[in-house]
Amino acid sequence: MGMSMKLMCSKFMVAITLVLLQIMILPMQVAAIDELVRQVREQTAKSNTTCILVFGDSSVDPGNNNYIPTDNKGNFPPYGKNFDNGTSTGRFSNGKLATDFIAEAFGYRNIVRGFLEPQLEMEDMLHGVSFASAGSGYDDLTANLTSVLTITKQVEYLMHYKIHLSQHIGKVKAQETLRNAIYILSFGTNDFIQNYFEEIDRAKQFTVAQYQNFLISRMALAVSKMHRTGARRVAVVGVPPLGCFPLVEMIRDDDNKCDGPLDSVAIAFNSLIKQKLADLSKSLSIRTAYIDIYGSIMSAVQKPDQYGFKETAKGCCGTGTVEFGDSCKGMSTCADPTKYIYWDVVHPTETMYKIVADDALKAIIVGDFLAH
């Protein structure tokens, strides 16, 4: 047999082996996820967990920005391409967000509705809503840059939510709902990418380390306000690997490497989040959990085959190098989004969000976070 024939046979055997491994691994992954969902539902039932209340940016905004005067919207194709009936809901992805999958695992609803949706019903509110707004951050200035809901406004809407509940189910039941809810915060990315490293005001006012501490103080203030409203279980999502966004890789003119300095900023900030959560657990007597989105995405970037991804450095929308938001409007997309980590140059695909959600559920069921 010639050398070229041997090489072809070798490549063929490797390909067959990989396919067989995927066939063997898939049922095990499905079984593991089913067991995870079973554990989550068992714990939520024991702890009388009532709903999830979500605050944050585009990573958890199901479409609140559709109802405010801002250009920062995702309610047009190809966003929502793989959502129910291909609906562009305002989610900055091709389908569901991580919080949708989390709510589904809890057994509440298969999606989380936006608090500002006109068609929002009381049944939806009883099982949780999202106050999130794409473009927001821990720093109110970040949200003001694109005229979206600040974290201050989102927490204010929590009070409106409490009033609505009280009017329909009574004050006692409403307070019980808020006390037994899970509060999820997902901010930070825009504070760095859209504000500190893009605008000049905060960069002139703070060093990176000082700005990180400022953001942490804003996070702590928001959690304290939520606590006064009734929050007793708070989960905070860290920031993702900022240097791995396809947009950043394009600007650096390097298709295959993440930006080390930006990722270091994310790592340092996430460390501060974890420290502050530990402090808040003691000072407010609340249960806290840290959701490591950085680890979830970085693992997929570094080991794409393990998750079934083929493309880690480009988005699925358009050229995959510059498009997001308005510049993604009406663009063609890749043939198979499940092979892509990113839908546009900054937002993950539904497939990646599902991985983030599964990792988040593991963090939530650890320890006594769901204890009653």
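Guide: Let's begin with Glu117, which is buried, with a relative accessible area of 11%. Buried here means under 20% relative accessible area, exposed means over 50%, and partly exposed is in between (1.4 Å probe, protein chains only). A word on the source: this is a predicted model, where local features need pLDDT of at least 70, side-chain atom pairs count only at pLDDT 80 or more, and totals for chains, interfaces and linings use all residues. Residues are numbered from 1 along each chain as its sequence is written, and side-chain values use heavy atoms, with hydrogens and water left out.

Visitor: Which residues are linked in a network of salt bridges?
Guide: One link is the salt bridge between Asp124 and Arg109, with 3.5 Å between the closest N and O atoms. That pair joins distant parts of the chain, 15 residues apart: Asp124 is in helix 3 (residues 122–126), and Arg109 is in the loop between helix 2 (98–106) and strand 2 (113–114). Helices (H or I, at least four residues) and strands (E, at least two) are DSSP runs, numbered from the N terminus. The network is made up of Arg109, Arg113, Glu117, Glu123 and Asp124.

Visitor: How many salt bridges does the count come to?
Guide: Another example is Lys96 with Glu104, whose side chains meet at 3.3 Å, N to O. Lys96 is buried at 13% relative accessible area, whereas Glu104 is partly exposed at 31%. The count comes to 14 salt bridges.

Visitor: Why is the pair of Phe55 and Tyr183 called stacked, and at what angle are the planes?
Guide: Rings of Phe, Tyr and Trp (its six-membered ring) pair if their centres lie within 6.5 Å; planes under 30 degrees apart count as stacked, over 60 as edge-to-face and the rest as tilted. The structure holds 21 aromatic pairs. In this one the ring centres of Phe55 and Tyr183 are 6.4 Å apart, and the pair is stacked because the planes are at 5°.

Visitor: How far apart in sequence are the parts that Phe55 and Tyr183 tie together?
Guide: Phe55 counts as buried, at 0% relative accessibility, and Tyr183 counts as buried at 0% too. Phe55 lies in strand 1 (residues 52–56) and Tyr183 in strand 4 (residues 182–186), so the parts tied together are apart in sequence by 128 residues.

Visitor: Which side chain makes a polar contact with the side chain of Thr142?
Guide: Thr142 is found in helix 4 (residues 140–145) and counts as buried, at 0% relative accessibility. A polar contact is a pair of N or O atoms within 3.5 Å; within protein, one must be able to donate a hydrogen and the other to accept it, and residues adjacent in sequence count only if both atoms are side-chain atoms. At 2.6 Å, the partner is Asp191.

Terms used: A salt bridge is a side-chain nitrogen of Lys or Arg within 4 Å of a carboxyl oxygen of Asp or Glu.
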